[in-house]
Amino acid sequence: MRGPDETSAPALQHHGIGEPVLRSEDPKLVRGAGCYTDDIKLPGQAYCAVVRSSHAHGMIRGIDTAAARAMPGVLAVYTGADLAEYGTFKSGLPFKSRDGTDMIRPRRPAVPTDKVRFVGDPVACVIAETVAQAKDAAEAVVLDIDPLPVVVKPTEAANNGAPQIYDEAPNNIALDFHFGDAEKVKEAFARAAHVTRAELVNSRVVVNAMEPRAAVAEYDKASGRYTFHTESQGVMGMKGQLVGILNTTPDKVHVLTGNVGGSFGMKAAVYPEYVCILHAARELGRPVKWTDERSTSFLSDNHGRDHVQTVELALDAEGHFLALRLTGFGNLGGYMGTMAPQPPTLNTVRNVISLYRTPLMEVSTKVVFTNTTHLNPYRGAGRPEGNYYMERVIDIAAAEMGIDRVELRRRNLIRPSEMPFKAASGSNYDSGDFPAVLRQALQVADYKGFAKRRRASKKRGKLRGIGVGCFLEVTAPQGKENGAIHFEPDGTVTMLIGTLDYGQGHASPYAQVLSAKLGIPFDRIRLVEGDSDRLQVGGGTGGSRSAMAASAATIEAAAKVVDHGKAIAAHVLEASAADIEFANGRFVIAGTDRAIGIMELAERIHSGLTLPPDAPQSLDVDHISDGVPAAYPNGCHIAEVEIDPDTGNADVVSYVSVSDFGTVINPLVVEGQVHGGVVQGIGQALLELTVYDDDGQLLTGSYMDYAMPRAHNAPPFTVVNHPVPATTNPLGVKGCGEAGCAGGLASVMNAVADALSDYGITHIDMPATPQRIWSAIQEAKAKAA
């Protein structure tokens with residue numbers, strides 16, 4: 001159910017900003033006419049299969065490939081020694097530990113030659129004429145690996161005597177991160193009337209994008225140029241990584257990304273399999289393809305989250321926040337992902353304060369290696385984690401102090417009159433009406449009527465709880481962005497933007513912005529994002545940045561198109577350029593009815609219009625935007641759950657989301673993003689349990705063991721927009737892609753705790769699976785007996 005939408009402006013011609021326009025790519029995709037990476041079949045294409053370690057930690061003593069090389073159809077077998085010429089994977093994050101030393105960044109080659117560090121670590125690859133032949137030969141590769149002791153929990157990895165994964169990272173610590181003034185925070189806690197302390201787990205999740213990873217590599221010997229087809233979150237980012245790893249120059253790498261079936265952060269980085277097939281394509285002189293399968297993607301794709309924090313909140317006697325302190329661990333897994341150190345450190349700092357007036361904060365996180373699949377950003381990348389920590393500790397503090405949990409929030413919300421607000425995190429909030437958003441969420445959710453619904457559930461033998469999850473996110477920093485607009489001979493207009501649609505639905509909202517600014521018919525607009533040869537720069541999609549970056553670049557480029565058009569129209573209309581005005585898609589001589597439409601002008605140009613040499617020769621613009629500052633989407637989610645005490649099963653039975661995403665370009669697309677994010681939040685909160693045994697074996701490595709959210713887990717949704725436009729970008733947009741997770745985790749986990757409060761249960765770690773809930777109830781009953 002869609003709630004009242006307060007963002008719709010009067011409809012603009014040609015589908016303007018604010019209209020709920022259907023996603024223009026969907027008809028093609030639902031007919032199966034899309035082109036995903038595995039759909040690519042090139043002439044002479046060979047296939048790759050990867051040999052992976054079955055040990056979580058061990059020294060590589062030998063790899064016998066003789067039998068595999070002799071098998072039918074096998075073209076080559078490569079090990080780490082064959083790939084030694086290539087660069088290593090690395091994180092460019094400029095973090096320093098609290099003692100001022102640089103973060104430790106162990107080198108990760110595409111394929112290791114010294115030792116393996118997690119189950120699934122690639123140690124060799126086989127190239128063959130068919131997929132079946134490659135798989136058969138991969139099974140014939142014999143590995144000689146001496147097992148070493150294993151550590152899988154981040155809380156144990158930094159202990160003295162824990163198995164050492166890298167010699168250069170003592171106690172497995174890559175980064176001893178610290179933010180804040182420890183002495184001032186200590187003083188605030190000393191004078192506090194109350195201190196709440198909670199041990200909170202933000203559990204590991206397997207990403208499980210609908211489309212497994214795949215790639216096809218080509219190499220042209222004559223030019224020395226690679227062409228690489230793969231999923232990504234931005235072709236320019238993927239290209240930049242590959243240029244460094246391949247030890248080549250940008251002109252020698254061409255990246256193409258077609259349709260992408262989900263990513264959530266996971267497909268942004270280069271993986272070892274990519275280097276394997278790029279090398280094979282160069283050596284064999286033919287295209288080489290690799291497609292992952294679900295069973296191995298559980299091991300090979302980066303995982304998400306996996307942080308443990310002790311969260312402490314200091315309050316005065318009236319419940320005003322004095323200081324917040326986090327002390328904990330972030331898991332890197334067996335290797336350092338490109339962005340992996342950031343979610344449990346800087347992104348937690350930026351987001352944990354949320355929308356509350358909190359004068360002081362301190363975050364201390366040890367970021368450690370373990371013998372598990374490596375971690376990297378997952379939808380939100382520190383934003384849902386930070387907001388979850390704050391919202392859980394507020395509920396616990398409210399219960400301990402005997403203050404209503406909503407009232408405790410109200411007392412500490414930053415007021416509109418305080419904007420712009422400098423937060424303790426260093427962020428500058430430019431806009432927002434946090435009290436109004438909370439007030440509207442409570443009203444839409446019928447918060448006052450909850451007691452009646454709880455009694456009705458109790459009569460049916462169910463426990464019912466309600467949870468509030470307020471959130472504020474800091475979007476990703478906005479770097480340079482491509483903003484080209486090309487008027488094509490066939491009458492279409494191409495937008496070339498450096499973001500990447502991997503399910504968000506960019507085509508319609510981007511076209512709405514261009515249509516609104518230039519009056520171009522919506523159905524004439526085409527979007528190109530996935531071809532690195534056609535872009536100059538590109539920041540990719542991640543951190544809820546796309547709407548801000550793309551709209552700013554488009555608006556700036558559109559202004560240049562208008563400038564071109566005025567000069568050209570002046571020639572066509574035989575007037576001075578200073579007398580030409582532009583409005584509603586038409587160039588008009590001021591004070592007259594003489595005009596020419598922008599599309600007609602483009603057609604005249606393509607038909608051979610002769611223009612003065614000092615005039616622009618086309619309407620086309622190739623623009624690079626310098627980017628815009630981060631924005632601060634915020635909101636309040638309210639979830640209700642019902643728990644069956646006999647089985648421990650929890651169902652989300654009602655869900656309300658009220659959000660301030662600033663100006664909403666397309667409310668239909670925004671609602672879809674909220675739905676998806678909330679369901680992923682529900683999955684992490686209630687279902688998705690990732691388990692490693694003490695030997696580093698992934699016990700939840702298939703859908704038989706790992707519970708993904710399904711349609712019946714999705715609650716009835718009410719999605720409401722409460723827009724307060726940002727002041728930091730031309731359209732006033734704030735980003736919405738990750739907000740569902742941020743509100744979902746906190747509201748659902750708070751609702752579960754509320755439902756269990758009758759048993760004296762104050763907290764349960766995510767995921768709140770039936771087994772965990774049932775066990776907690778039984779323990780509480782036993783204590784009460």
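Biologist: What is the bridge partner of Tyr47 in S14?

Modeller: The model is predicted, so keep that in mind. In S14, the partner of Tyr47 is Lys289.

Biologist: How do you know that S2 and S14 pair?

Modeller: Pairing needs at least two bridges between two strands. Two bridges join S2 (residues 46-52) to S14 (residues 288-291). So they meet the cut-off and count as paired. The two strands run parallel.

Biologist: How does S2 pair with S6, parallel or antiparallel?

Modeller: S2 and S6 pair in the antiparallel sense, over six bridges.

Biologist: What holds paired strands together in general?

Modeller: Strands of a sheet pair through backbone hydrogen bonds, either parallel or antiparallel.

Biologist: What makes the pairing in this sheet "mixed"?

Modeller: S2 shows both senses: parallel with S14, antiparallel with S6. The open sheet has seven strands, in the order S4-S6-S2-S14-S11-S12-S13.

Biologist: Why are S4 and S13 called edge strands?

Modeller: Strand S4 (74-79) and strand S13 (253-256) each pair on one side only. From one strand to the next, the twist averages 20°.

Biologist: What makes S2 "largely enclosed"?

Modeller: Buried means under 20% relative accessible area. Six of the seven residues of S2 are buried, so the rest of the structure largely encloses this strand.

Biologist: Which helices meet the sheet?

Modeller: Helix H6 (residues 235-245) lies across S12 (225-230) and S13, and runs at about 145° to S13. Helix H7 (residues 272-284) packs on the sheet too. H7 touches S2, S4, S6, S11, S12 and S14. The direction of H7 makes about 30° with that of S11.

Biologist: Now helices against helices. Why are H15 and H16 called roughly perpendicular?

Modeller: H15 and H16 (residues 598-606) pack at an angle of about 70°. The range for roughly perpendicular is 65 to 115 degrees. The angle falls inside that range, so H15 and H16 are roughly perpendicular. Their axes are 11 Å apart, and the crossing is left-handed.

Biologist: Which residues make that contact?

Modeller: From H15 come Val561, Gly565, Ile568, Ala569 and Val572. From H16 come Ile598, Leu601, Arg604 and Ile605. By class, the contact of H15 with H16 has seven nonpolar, one polar and one charged residues.

Biologist: Which residues of H14 meet H15?

Modeller: Tyr510, Val513, Leu514, Lys517 and Leu518 do. In H15 they meet Ser546, Ala550, Thr554, Ile555, Ala558, Val561 and Val562. By class, this contact has nine nonpolar, two polar and one charged residues.

Biologist: What makes Asn171 "partly exposed"?

Modeller: Asn171 has 25%, so it counts as partly exposed. Asn171 lies in the loop between H4 (154-157) and S8 (173-180). Its phi is positive, about 55°, although Asn171 is not a glycine.

Biologist: Is Ser544 buried or exposed?

Modeller: Ser544 has 11% relative accessibility, under the 20% cut-off, so it counts as buried. Ser544 is in the loop between S24 (525-528) and H15 (546-573). Ser544 also has a positive phi of about 55° and is not a glycine.

Biologist: How do you know that Val652 is buried?

Modeller: Val652 is at 9% relative accessibility, under 20%, so it counts as buried. Val652 lies in strand S30 (residues 650-660). Among the residues Val652 touches are Glu640, Val641, Ile682 and Leu686.

Terms used. Residues are numbered from 1 along each chain as its sequence is written. This is a predicted model: local features need pLDDT of at least 70, side-chain atom pairs count only at pLDDT 80 or more; totals for chains, interfaces and linings use all residues. Side-chain values use heavy atoms; hydrogens and water are left out. Helices (H or I, at least four residues) and strands (E, at least two) are DSSP runs, numbered from the N terminus. Axes are lines fitted to C-alpha atoms, for helices over the stretch in contact, and angles run from 0 to 180 degrees between N-to-C directions. Contact means heavy atoms within 4.5 Å. Buried means under 20% relative accessible area, exposed over 50%, partly exposed in between (1.4 Å probe, protein chains only). Angles under 35 degrees count as roughly parallel, over 145 as roughly antiparallel, 65 to 115 as roughly perpendicular and the rest as oblique. A crossing is left-handed if the near helix is turned anticlockwise from the far one by less than a right angle, and right-handed if clockwise. Ala, Val, Leu, Ile, Met, Phe, Trp, Tyr, Cys and Pro count as nonpolar, Asp, Glu, Lys and Arg as charged, and the others, Gly among them, as polar. Lists of a residue's contacts leave out its neighbours within four places in sequence.
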